[in-house]
Amino acid sequence: MTAAHTASYHRHEQTTGAHAPSAEQPGDTSRALAQAEVICRAHGVRLTRIRRTVLEALCSSHKPLGAYELADMLAPNARRMAPITVYRALDFLMEQGLAHRLASRNAYIATVGSDGGQETVAYLICEACGGVEEASSAAFAGAMSDLLSRAGFEPAAKVLEVAGRCPHCRVQGPGRH
Ligand SMILES: [Zn+2]
């Protein structure tokens with residue numbers, strides 16, 4: 001398996017261990033890919049090599065990635081993958097609930113191996129480091145369902161995007177005194 005890691009996105013090396021990026025560990029990526037295979041089999045669709053490669057890149061990044069960024073990353077022997085190919089793969093991954101497009105960033109994240117697939121989830125997007133964390137709770141899911149049923153609204157996705165600063169950047173940011 002080829003590691004699709006680009007330069008480490010994590011500039012905060014001296015962590016106390018409290019803020020460990022979970023999505024960057026190779027073990028997590030292979031677990032997520034195995035889970036994606038199971039989901040695709042259950043849906044009767046194929047996780048082709050290209051789709052798998054795109055998903056792998058998303059899984060191993062701690063930051064959301066744009067389609068062009070993905071195309072550049074997935075350039076074996078300097079031959080860039082056509083953006084249309086990447087878009088098709090991304091569409092597939094989203095249809096299967098394996099990836100999500102962050103509308104506010106026009107960038108994609110993997111949702112397989114997490115709660116993001118079909119669940120009610122808040123994406124906490126750090127404007128300083130670009131990192132994205134998922135947050136969810138039963139109370140949040142309940143409140144969202146309640147709100148939607150009162151509005152008589154049928155959701156295609158129950159996702160909330162919150163922009164701001166992650167705990168790490170709040171501590172290390174220039175605004176600290
Ligand atoms: Zn941050």
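The following questions and answers concern a predicted model of one protein chain.

Residues are numbered from 1 along each chain as its sequence is written. Because the model is predicted, local features need pLDDT of at least 70 and side-chain atom pairs count only at pLDDT 80 or more, while totals for chains, interfaces and linings use all residues.

Q: Over which residues is the pLDDT below 50?
A: The pLDDT is the predictor's confidence in each residue, from 0 to 100. The protein chain averages 80, and 77% of the residues score at least 70. Where pLDDT is low, the predicted coordinates should not be read in detail. The stretch below 50 covers residues 1–24.

Q: Which residue of β4 stands opposite Y123?
A: Two strands pair if DSSP finds at least two bridges between them. β3 pairs in the parallel sense with β5 (residues 159–164) over six bridges, and C126 stands opposite G164 there. With β4 (residues 132–135), β3 runs antiparallel over four bridges. In β4, the residue opposite Y123 is E134.

Q: At what angle do the axes of α2 and α4 cross?
A: Axes are lines fitted to C-alpha atoms, for helices over the stretch in contact, and angles run from 0 to 180 degrees between N-to-C directions. The axes of α2 and α4 come within 9 Å. The α2 and α4 axes cross at roughly 80°.

Q: Which residues does V54 contact, leaving aside neighbours within four places in sequence?
A: Two residues are in contact if their C-beta atoms, placed from the backbone, lie within 7 Å. V54 of α2 takes part in the contact with α4. Its contacts are L70, L74, V86, A89, L90 and L93.

Q: Is N106 buried or exposed?
A: N106 lies in the loop between β1 (99–102) and β2. N106 has a positive phi of about 50° although it is not a glycine. With 10 other C-beta atoms within 10 Å, N106 is exposed.

Technical notes
Helix = DSSP H or I, 4+ residues; strand = E, 2+ residues; numbered from the N terminus. Buried ≥ 20, exposed ≤ 12 C-beta atoms within 10 Å, placed from the backbone.
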